[in-house]
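Here is a friendly walk through one protein model, from the whole chain down to a single residue. Have a look at the structure first.

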Amino acid sequence: MKIDKNNISDHNRKYKDSFQKEFNFVSGKLEQKGINIEQIVQKVNDFQVAIPSWALGAGGTRFGRFSYGGEPSSLEQKLQDVGILHSLTRSAGSVSLHIPWDIPKDIKAIKEIAKSNEITFDAMNSNTFQDQKDAKKSYKFGSLNNSDKEIRDFAVEHNREVIKIGKELGSKSLTVWLADGASFPGQLNFQRALDNTQDSLKGIYDTLPADWKMFIEYKPYEPNFYSTTIQDWGTSFMLANACGEKAYTLVDLGHHLPNTNIEQIVATLMYKGKLGGFHFNDSKYGDDDVTVGSIKPYALFLIFNELVYGMENNPNNPELAWMIDASHNIKDPLEDLLQSIEAILVAYTQALLIDQKELREAQLRHDVVKCQEIVQDAYRTDVRSILQAARLKTDAPLNPLEAYRSFEVRKNLIQERGSKTVATGL
């Protein structure tokens, strides 16, 4: 299914008057503060976030999974779904594939489908956290950190295969996330496990193409509950430095213990030029992987404050790779992704409104109250009409979620694919 541009035009005609009134009001207030509204709109326009291939079907837990109907049962259908999201937002112009869940059978055909949907290929994701059918080795007791060198080499070779597939598709980066760790004290030696991991990562890094990057994720717990070998940003940062200048830390919002100051982590990594990518989701307790901004929108805004500052003031840090990393059980996956894209753009736009010069002056005067007022004034600004102005410039629907429902996208997908389809890899 593809979105009909005539439907988008009809949708926008319904909302254009109310949008214009709201935008005129907001832009008038912001221009009084000396904010260049057109510059903000253009930055929103330019922002692109990758969609992960595994988020396009219903997610689940170890207790159960509830299909939503019309799920993409092939890579081709997943690209079509990303194309739908991009048509509705013009902010989802890339897909991040998970291998071996999404191994292309015909590279040329897949690239053609992606091109027809205006989709590029973002970071490739390897999988050494589960055993594949007929696998010669098992990751039950670890992959890159395993005490058995043959298993480590097996995992390294898988990552090299992922790079090879990515090269053919036009990707430029590899994301490595490990489930490696221990569930019980004494199960492994921490130092040997870390040494094995570093050696394995170097083995992957050495085959990285010259124009590629490697992103190293971290996570404090789960699926192991006593220790995780790459458990925090410091360990990831250390390993990235050990690998080389093309290796970076990747921050996933869900991969932190409750109340961790993620914005400070972001600031530190950008200061050191080692923040490579960002996975957006939200959580209440741990790695809940729920809709971005649904639980902690203010925390998301504070993180974007540091990201915006870093993008302006840390030229040593590379251009960032953005991706949504959410997967759960009870929402239409495409509606969930539309909500997440909206939340990301809202937080980004609010952060762009902060007067960094005024904030710095207040900081130097130690005017704590003024600092809080400057930051919270930006957060309390309703910026949704600015997002709409950006969409209008690219012929996207003013209200993507409303358009998705009025166009009956899910109903059409169920008619095309059936009600019992299951997304690959899930």
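The report below starts with the overall fold and ends with one residue.

## Overall shape

Please keep in mind that this is a predicted model. The secondary structure of the protein chain comprises 15 helices and 11 strands. Its radius of gyration is 22 Å, close to the 22 Å from the globule rule for 426 residues, so the chain is as compact as a globular protein of that length. Along the principal axes, the C-alpha atoms fill a box of roughly 65 × 60 × 40 Å.

## Packing and surface

Of the 426 residues, 55% count as buried. If you take contacts between residues at least 6 apart in sequence, 80% of them join residues at least 24 apart.

The chain exposes about 20,000 Å², and carbon and sulfur atoms supply 49% of that area. As for charge, there are 50 positive and 57 negative side chains, with the centres of the two sets 1 Å apart.

## The annotated domain

An unreviewed UniProt entry places the feature "domain: Xylose isomerase-like TIM barrel" at residues 104-289. Over that stretch the chain is 37% helix and 15% strand, and the end C-alpha atoms lie 26 Å apart.

## A look at Val409

Val409 belongs to helix α15, which covers residues 409-417. Is Val409 buried or exposed? Its relative accessibility is 0%, and because buried means under 20%, Val409 counts as buried.

Beyond its neighbours within four places in sequence, Val409 is in contact with Met1, Ile3, Ile84 and Tyr404. Val409 and Lys2 are 407 residues apart in sequence, yet their C-alpha atoms are 9.1 Å apart in space.

How values were computed. Residues numbered from 1 in each chain as written. Predicted model: local features only at pLDDT ≥ 70, side-chain atom pairs only at ≥ 80, totals over all residues. Heavy atoms only, no water. UniProt positions renumbered as here; feature names shortened; annotations may be inferred. Helix = DSSP H or I, 4+ residues; strand = E, 2+ residues; numbered from the N terminus. Rg over C-alpha atoms; globule rule 2.2 N^0.38 Å. Buried < 20%, exposed > 50% of the residue type's maximum accessible area, 1.4 Å probe, protein only. Contact = heavy atoms within 4.5 Å. Areas by Shrake-Rupley, 256 points an atom, 1.4 Å probe, with all protein chains shown as cover. Lys, Arg positive; Asp, Glu negative; His and termini not counted. Charge placed at Lys NZ, Arg CZ, Asp CG, Glu CD.
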